Amino acid sequence: MQMIDKNIEDYCIAKSNLPSVDCDRIEEYTRAHVHGARMLIGKMEASFIGFLLRSIGAKRVLELGTFTGYSALTMAENLPDDGEILTVDINEATVLLAKEFWKQSSHGYKITSLMGSGLDIIPTLKAPFDFVFIDADKRNYINYLKLTAPLLSPTGIIVIDNVLWDGKVLPDADLDVSEHRDRNTEFIRLVNDYIANEPSLYGTLLPIRDGIFLVRKY
Ligand SMILES: C[S@@+](CC[C@H](N)C(=O)[O-])C[C@H]1O[C@@H](n2cnc3c(N)ncnc32)[C@H](O)[C@@H]1O
């Protein structure tokens, strides 16, 4: 589902600061050659996340869901020279691609890939993080939120991707439980409801791309 009229979104993209040509190269390659390219965050969301990173002066970022390295590189471009991104994924093939692309960018040195499942890796990490981007493994969204919230710096932000799930999170949405994608709906509803009802968190859900939840400590 396209949440925002395509012409409107194209206009917004045309007027926004965008990821570099190095990121465009990852996007184009992924769309042409990699299964699941629709998972890429795309230019609009990348620009918005870049704005957030710059606004809070983020230095340390944790990403769950590296894929082919697009979102990590777009974030690296919006960190200072001594900024760092730790990015976690379980898929060696796509991470190998990501590393090849990062090598070609002058910001690639800021990115460290950690192989393994988010649930295993997060407890091994040293706090604090200024920014956490949750974009992997919908089943564990709620656990990733609960595990990373205590790791946030005082002005830190967590961004959770795909929280509108093509509109399937709406109470009256038509779901087909034989579809893997539809079965993930309940996990996304769970995390959305948790944030909405958790007094220690301040959340704003925005209809950018497939929906993003901005979360910080209240
Ligand atoms: C939506 S994609 C990430 C897209 C990426 N953030 C971007 O926009 O360029 C999700 C990624 O999560 C990874 N993933 C799935 N299960 C995972 C897990 N348990 N722990 C870490 N990563 C996982 C997948 O291999 C996939 O590459």
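Two strands pair if DSSP finds at least two bridges between them. I note that first, as I look at bridges below. The model I am reading is predicted.

**Overall build**

I began with the whole chain. I find nine helices and seven strands. The C-alpha trace spans about 45 × 40 × 35 Å along its principal axes. I then checked the radius of gyration. For 218 residues a compact globule would have a value near 17 Å, and the chain has 16 Å, so the two agree. Buried residues account for 41% of the 218. I also looked at contacts between residues at least 6 apart in sequence: 70% of these join residues at least 24 apart.

The seven strands form an open sheet in the order 3-2-1-4-5-7-6, and the pairing is mixed. Which strands stand at the edges? They are strand 3 (111-115) and strand 6 (201-206). Each has a single partner strand, so one side of each lacks a neighbour in the sheet. Direction ignored, neighbouring strands are turned by 15 degrees against each other on average.

**Strands 2 and 3, with helix 5**

Strand 2 pairs with strand 3 in the parallel sense, over five bridges. I looked up Leu86 and found its bridge partner in strand 3 to be Thr112. Helix 5 (residues 92-103) packs on the sheet here, touching strand 2 and strand 3. Its direction makes about 170 degrees with that of strand 3.

**Strand 4 and its neighbours**

Is strand 4 mostly covered or mostly open? It is mostly covered, with six of its six residues buried. Strand 1 (residues 60-64) pairs with strand 4 in the parallel sense over four bridges. In that pairing, Val61 stands opposite Phe131 of strand 4. Strand 4 also pairs with strand 5, again in the parallel sense, over five bridges. There Phe133 has Val159 in strand 5 as its bridge partner. I then looked for a helix over this region. Helix 3 (residues 42-56) lies across strand 4 (129-134), strand 5 (152-161) and strand 7 (212-217). Helix 3 runs at about 175 degrees to strand 5.

**The ligand shell**

Last, I listed what surrounds the ligand. There are 19 residues around the ligand, and Met39, Gly65, Phe67, Tyr70 and Ala136 come nearest. Helix 4 (70-76) and strand 2 (84-89) are the elements that give two or more residues to this shell. I sorted the shell by class: nine residues are nonpolar, seven polar and three charged.

Definitions and conventions: Residues are numbered from 1 along each chain as its sequence is written. This is a predicted model: local features need pLDDT of at least 70, side-chain atom pairs count only at pLDDT 80 or more; totals for chains, interfaces and linings use all residues. The radius of gyration is taken over C-alpha atoms; the globule rule is 2.2 Å times the number of residues to the power 0.38. A residue is buried if 20 or more other C-beta atoms lie within 10 Å of its own, exposed if 12 or fewer, and partly exposed in between; C-beta atoms are placed from the backbone. Two residues are in contact if their C-beta atoms, placed from the backbone, lie within 7 Å. A residue is near a molecule or strand if its C-beta atom, placed from the backbone, lies within 6 Å of it. Ala, Val, Leu, Ile, Met, Phe, Trp, Tyr, Cys and Pro count as nonpolar, Asp, Glu, Lys and Arg as charged, and the others, Gly among them, as polar. Axes are lines fitted to C-alpha atoms, for helices over the stretch in contact, and angles run from 0 to 180 degrees between N-to-C directions.
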